[in-house]
Amino acid sequence: KLIFPQLIAPVFEPVAGIYNDSVSVKVTITGSALVEGVSKIYYTTDGTAPTTLSSSSYSPLNLTLTNTTIIKAIALSDDRKYISATTEAAYILQKADNLEGVYYKGNNFAESVYTRKDGIINFDWGTGSPDSTGYAGVPADYFSVRWTTRFTAPYTGEYTFVTYSDD
């Protein structure tokens, strides 16, 4: 049985996901199972496959992302004999004011009270309402909000959007 040295693929911190405005990503090589001295990370930020001609950095690689970005990376041993599998992560950046929220009295979207720009939807009004944040006319119970925006998917495929709400 032949055993070929394998490199552990680069690791991304934080994990891929949706972030507000910008995110600092650290890409590291933690070592390898059979080959020591892994030296460089080769990476792309446009979703293409990385090669030894791609941008490179010694570990850790620190990137500050301000737009939706797909990072793909490989590790390469110092002697350039061993290469890792490609790892990838998609970071979706939402701008702080890209969601238009129309706030309504009642739960049937019939009587709009005001419109404002919101960032990521992550509110906990508890027993209050948006009224307590300086917007008059929204009751503590039985109000609704309709948010609209444009979303550019980093990959072709199916996406599921989920909300958790009460009332």
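Which side chain meets that of Glu111 in a salt bridge? It is the side chain of Lys105, at 3.9 Å from N to O, where a salt bridge is a side-chain nitrogen of Lys or Arg within 4 Å of a carboxyl oxygen of Asp or Glu. The model is predicted, so that local features need pLDDT of at least 70 and side-chain atom pairs count only at pLDDT 80 or more, while totals for chains, interfaces and linings use all residues. Residues are numbered from 1 along each chain as its sequence is written, and side-chain values use heavy atoms, with hydrogens and water left out.

**Salt bridges**

- The count by this rule comes to three salt bridges.
- Glu111 is partly exposed at 43% relative accessible area, and Lys105 is partly exposed at 36% (buried means under 20%, exposed over 50%, partly exposed in between, with a 1.4 Å probe and protein chains only).
- Arg116 and Asp118 form a salt bridge at 2.6 Å, N to O; Arg116 is buried at 12%, and Asp118 is buried at 5%.
- Glu88 pairs with Lys72 in a salt bridge whose closest N and O atoms are 3.7 Å apart.
- This pair links distant parts of the chain, with Glu88 in strand β8 (residues 87-94) and Lys72 in strand β7 (residues 69-77), 16 residues apart (strands are DSSP runs of E, at least two residues, numbered from the N terminus).
- Glu88 counts as partly exposed because its relative accessibility is 40%, whereas Lys72, at 15%, counts as buried.

How values were computed:
Helices (H or I, at least four residues) and strands (E, at least two) are DSSP runs, numbered from the N terminus.
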